[in-house]
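These are my notebook entries on one structure.

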Amino acid sequence: MSSAALRPIDPLILSQTRTTFSLLVLLPLLIASKGRERIKLPALDLAYCLLLGTLGVAVSNYFYYVAIQRTNVATAIIVQYTAPVWVLLYVVARGQQKLSAQKVIAVALAVAGSVLVIGIVGAKQERALRLDSYGIVAALLASFSFAFYNVAGHRILARYDRWRVLFWTLAAAAVFWLIVNPPWKIVAAHYAPAQWLFLFVFSMISVLGAFSLYFLGLQYLEPTRAIIASCLEPVFSILLAALVLGEVLRPIQTLGIVFVLAAIVIVQRAGGATTDEGSVVVEPME
């Protein structure tokens with residue numbers, strides 16, 4: 001086996017290729033369904049989607065990557081998953097929702113549950129929080145970006161089907177990554193064919209599949225509910241690691257899972273959507 005086949009995949013290239021591959025697969029599928037009309041948007045809405053893709057998706061991934069480099073995975077995840085707090089504060093400040101005890105409790109449980117699920121409480125030294133000022137700032141920026149992505153995404157998805165919005169979001173993110181990490185740097189990595197196959201399959205699952213489903217959720221859920229539901233991501237990661245890799249699920253992690261599930265139940269029972277955008281109106285799928 002060649003040394004190239006054994007070379008680890010750079011997380012930066014992993015983030016970039018999963019966006020680019022998803023865009024390259026989605027574009028011909030949409031064009032084939034109804035030509036250019038399938039992706040056409042008015043100028044203002046197009047600019048909105050490009051902003052969503054850059055400041056929401058790409059910037060969030062980029063600063064999360066930086067935060068991991070400067071701190072560690074546990075620190076980056078914990079800070080990023082303060083995003084439900086920022087979303088709640090934003091919608092309350094804008095008068096789109098009233099601050100209620102249920103929403104505050106749900107957000108607190110979601111954040112606390114994410115911390116416990118990651119497993120840093122009572123963990124060994126290598127999994128403890130690593131505080132670095134630049135890394136913490138990067139993780140906070142990733143958190144703000146993730147919050148923006150939920151709020152802005154819900155607004156545009158109330159008027160257009162998710163595939164149209166997803167295409168332009170991915171297009172903006174792909175251009176961002178080309179600037180951050182030009183193609184010749186990817187070529188210089190000399191990855192093996194098997195690694196490229198992994199990158200392609202990973203992009204289909206983690207971006208094209210996952211984002212299309214999350215965008216579908218954002219069409220019908222207000223941002224607070226959607227972002228609290230997203231706290232299930234570390235929960236499923238831990239459960240898959242336990243089922244597939246045989247990792248031990250510690251009692252404190254189980255408690256974290258209960259917290260996250262309780263947060264989702266509480267926020268869904270907190271009453272109907274109270275945003276000022278009215279009911280969701282989405283154009284029919286073609």
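I took contact to mean heavy atoms within 4.5 Å. The model is predicted, so I noted that local features need pLDDT of at least 70 and side-chain atom pairs pLDDT 80 or more, while totals for chains, interfaces and linings use all residues. Residues are numbered from 1 along each chain as its sequence is written, and side-chain values use heavy atoms, without hydrogens and water.

Entry: T169. I located T169 in helix α8 (residues 162-180); helices are DSSP runs of H or I, at least four residues, numbered from the N terminus. Setting aside residues up to four places away in sequence, I found T169 touching C49, L52, G53, V57 and F215. I record T169 as buried because its relative accessibility is 0% (buried is under 20% relative accessible area, exposed over 50%, partly exposed in between; 1.4 Å probe, protein chains only).

Entry: helix α4. Seven of the eight residues of α4 (residues 73-80) are buried, so I describe the helix as largely enclosed by the rest of the structure. The cover over its buried residues includes α3 (43-70), α5 (83-93), α6 (101-118) and α7 (133-157).

Entry: cores. I used nonpolar core for a set of buried Ala, Val, Leu, Ile, Met, Phe, Trp, Tyr and Cys residues joined through side-chain atoms within 4.5 Å. The largest has 69 residues, and Y149, V165 and I228 have the most contacts inside it. Apart from that core I found another of five residues, including I13, A189, Y191 and L199.

Entry: V201. I placed V201 in helix α10 (residues 193-220) and noted it as partly exposed, at a relative accessible area of 40%.

Key:
Helices (H or I, at least four residues) and strands (E, at least two) are DSSP runs, numbered from the N terminus.
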